[in-house]
Amino acid sequence: MAGTIHHKVTIIGSGPAGYAAAVYGARAMLEPAIIAGLQPGGQLTITTEVENYPGFPMIMGPELMEHFKEHALKFGTGFYEDVIIDVDFSRHPFLMKGSGGVAYTADSVIIATGAQARWLGLPSEARFKGFGVSACATCDGFFYRGKQVMVVGGGNTAVEEALFLTKFASKVILVHRRDSLRAEKILQRRLFDNEKVDILWDTTLEEVLGTDSPTAVTAARLKNVKTGEISDRDVQGIFIAVGHKPATEVFRGHVKMNEGGYIETAHDSTATSVPGVFAAGDVSDETYRQAVTAAGLGCMSALEAERWLAEQAAEMSVSDAA
Ligand code: NDP
């Protein structure tokens, strides 16, 4: 049912940044609320093993996010399974509209909506999306037991997806546009040591080939960027892992962003172009994009929101006394 829900601090997004902001906000008595978004728990809920979150030598991504959630709720964070579809930061309290018609108002807002997988933008990629083309090996890898699959990309995501797929597929072909990977060295070593993996360097995916009825992928058309040679490789699944883009569409025109759509924040701060609105995690961090840095930025944003609200209250009491 539609209505208006007010919190001192509303956090949009429920990844590591959002939950860390909630823990600090709740302990500062800011009565924060989290609006969970389309993918509650964020990107870590679609990964498998996480080995670089300090304090957890190995933990499954979804389990780590359960710990984050439990920790935030323990201190009284409000939690709404809703998606923000519009905001108005030109008025105060700030206004955010949920997809079900609920209006959320807040004295301060923390944007922690994270990032989403990018696609290559090929027409054939769109045609076979969900029918052999995927951006989530954890979600779809199981369907490729005993089959040949391809992963496109050279970052941590591509290498982790390729390694994960070796559990099911008979062969995993990693296609990368350059002659070296940008993934962590430890992941690269595991990839190079895995006999099920073939790597095609200096190669791009030009077209996904397949059939219409049933809609299915049968091969990948590839181009060697050095020689220009075009070749086809038989594969039944193609996983695209060419980076992420910030989930900021709903904030366009409301806070300043850079050309890549990342929210601009002040130096050494999570403050956005709108006083009282803060941004933390992958939504504003183009450089590090790690769960631990996102959590750190979430903490910063709550501390900054607390300070900003205290300053506003102090200004109000001075003007009331005058
Ligand atoms: P990255 O930006 O790190 O890597 C994207 C890869 O895709 C690059 O190798 C890039 O090539 C390639 N690429 C980009 N555009 C194209 C294109 N149009 N055609 C072909 N290839 C393309 O993104 P990730 O999603 O891998 O990682 C995002 C962030 O999340 C990183 O900071 C990463 O470290 C982090 N992460 C950490 C994990 C962990 O620590 N366990 C797991 C997963 C992600 P090129 O190298 O030539 O630029």
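Strands S14 (residues 203-211) and S15 (residues 216-224) form an antiparallel pair with eight bridges. Here strands (E, at least two residues) and helices (H or I, at least four) are DSSP runs numbered from the N terminus, and two strands pair if DSSP finds at least two bridges between them. The model is predicted, so local features need pLDDT of at least 70 and side-chain atom pairs count only at pLDDT 80 or more, while totals for chains, interfaces and linings use all residues. Residues are numbered from 1 along each chain as its sequence is written, and side-chain values use heavy atoms, with hydrogens and water left out.

**Exercise 1. Trace the antiparallel sheet that holds S14, S15 and S16.**

Step 1. Start with S14 and S15: a hairpin of four residues joins S14 to S15. Thr-203 has Asn-224 of S15 as its bridge partner, and Val-208 stands opposite Ala-220 in S15.

Step 2. Go on to S16 (residues 230-234), which pairs with S15 in the antiparallel sense over five bridges. Leu-222 is bridged to Ser-231 in S16. The hairpin of S15 and S16 has five residues between the strands, and Gly-228 in that hairpin takes a positive phi near 80°.

Step 3. S14 and S16 are its edge strands, each pairing on one side only. On average, neighbouring strands of this sheet are turned by 30° against each other, direction ignored.

**Exercise 2. Work out the order of the five-stranded sheet and find its edges.**

Step 1. Write down the order: this open sheet runs S10-S17-S11-S12-S13, with parallel pairing.

Step 2. Read off the edges. S10 (133-134) and S13 (197-200) each have a single partner strand, so one side of each is left without a neighbour in the sheet.

Step 3. Check one pair inside the order. S11 (residues 148-152) and S17 (residues 237-240) pair in the parallel sense over four bridges, and Met-150 has Ile-238 of S17 as its bridge partner.

Step 4. H5 lies across S11, S12 (171-175) and S17, and runs at about 170° to S11. Such angles run from 0 to 180 degrees between N-to-C directions, with axes fitted to C-alpha atoms, for helices over the stretch in contact (heavy atoms within 4.5 Å).

**Exercise 3. Describe the surroundings of the ligand.**

Step 1. Count the shell: 20 residues surround the ligand, and the closest are Asn-52, Thr-157, Arg-178, Arg-182 and His-244. A residue is near if one of its heavy atoms lies within 4 Å.

Step 2. Sort the shell by class: four residues are nonpolar, ten polar and six charged. Helix H5 (residues 156-165) gives the most to this shell, with three residues.

Step 3. List polar contacts (N or O atoms within 3.5 Å). Oxygen atoms of the ligand lie 2.6 Å from a polar side-chain atom of Arg-178, 2.6 Å from an N or O atom in the side chain of Arg-182, and 3.1 Å from one in the side chain of Asn-156.

Step 4. Finish with the area. Taken alone, the ligand exposes 910 Å², of which the protein buries 82%; accessible areas come from the Shrake-Rupley method with a 1.4 Å probe.

Technical notes
A polar contact is a pair of N or O atoms within 3.5 Å; within protein, one must be able to donate a hydrogen and the other to accept it, and residues adjacent in sequence count only if both atoms are side-chain atoms. Ala, Val, Leu, Ile, Met, Phe, Trp, Tyr, Cys and Pro count as nonpolar, Asp, Glu, Lys and Arg as charged, and the others, Gly among them, as polar.
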